[in-house]
Amino acid sequence: MENFSELIKTRRSMRKFTEELLNGNDVKLLLRAGLMAPSSKGMHSYEFVVVEDKQMLKALSLCKQVGSDFLAEAPLAIVVLADPMVSDVWIEDASVAATHILLQAEDLGLGACWIQVRDRYDAEGRPTEEIVKSLLSIPNERGVVCIIAVGHKGMERKPQNEDRLKWERVHIGEMKAED
């Protein structure tokens, strides 16, 4: 990518992937980006579970009532979690790390999509986080924030339309009451 401004304009959630597997170097760069994310007090409370097994990807794709089915066709998933005992802002730490991974994917020409885990449920009302923890042997003490599906883009998406930016949501100095 030429520059960051172009990167954030072109990064879009990708829910359709080709069958091509990711190479080891790309996976390492994605994880490196996550590990380089800043964190509160430099505590780096986040951790990642990398999933490439097709059966496990299929099982994970059923962890939510809606919004995770496409994971079954992704060649890779990165589960982003953190340890609340390490940092009281573990959710924020993990979210920043996940964002780094999403941006690195775009920079590599890959597609990626955040799948929300925390505070979500499957079709039977079971907490998504409990399902993911059970499938991946994640200790109960950890909190799972999201799963990032990653793969080679299976479709084209137009860049963000800057004409649709909601500049009225920007407040300078203070937020004034609406009329």
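Which residue forms a salt bridge with glutamate 124? Keep that question in mind while we walk through this predicted model, starting with its sheet.

Strands of a sheet pair through backbone hydrogen bonds, either parallel or antiparallel. Here you will find an open sheet of four strands, in the order S1-S2-S4-S3, with antiparallel pairing. At the edges lie strand S1 (46-51) and strand S3 (110-116), each of which pairs on one side only. From one strand to the next, the twist averages 25°. Valine 49, for instance, has valine 79 in S2 as its bridge partner.

Helix H2 (residues 24-35) touches S1, S2, S3 and strand S4 (143-152), and its direction makes about 165° with that of S1. Helix H5 (residues 128-136) also packs on the sheet, touching S1, S2 and S4; the direction of H5 makes about 70° with that of S4.

Next come the charged side chains. Side chains of opposite charge can pair when their charged atoms come close. The structure holds eight salt bridges. One of them links glutamate 106 and lysine 153, with the closest N and O atoms 3.1 Å apart. Glutamate 106 belongs to helix H4 (residues 90-107) and lysine 153 to the segment after S4, so this pair ties together parts that are 47 residues apart in sequence. Glutamate 106 counts as buried because its relative accessibility is 6%, below the 20% cut-off. Lysine 153, in contrast, is partly exposed, with a relative accessible area of 29%.

Back to the opening question: the partner of glutamate 124 is arginine 126, and their closest N and O atoms are 3.9 Å apart. Are these two residues buried or exposed? Glutamate 124 counts as exposed at 65% relative accessibility, while arginine 126, at 43%, counts as partly exposed.

In H5, glutamate 129 and lysine 133 are four residues apart, so about one helical turn separates them. Their side chains meet in a salt bridge of 3.7 Å, N to O. Lysine 133 counts as buried, at 11% relative accessibility. Finally, look for Glu47, Asp83 and Arg142: salt bridges that share partners join these residues into one network.

Definitions and conventions
Residues are numbered from 1 along each chain as its sequence is written. This is a predicted model: local features need pLDDT of at least 70, side-chain atom pairs count only at pLDDT 80 or more; totals for chains, interfaces and linings use all residues. Side-chain values use heavy atoms; hydrogens and water are left out. Two strands pair if DSSP finds at least two bridges between them. Helices (H or I, at least four residues) and strands (E, at least two) are DSSP runs, numbered from the N terminus. Axes are lines fitted to C-alpha atoms, for helices over the stretch in contact, and angles run from 0 to 180 degrees between N-to-C directions. Contact means heavy atoms within 4.5 Å. A salt bridge is a side-chain nitrogen of Lys or Arg within 4 Å of a carboxyl oxygen of Asp or Glu. Buried means under 20% relative accessible area, exposed over 50%, partly exposed in between (1.4 Å probe, protein chains only).
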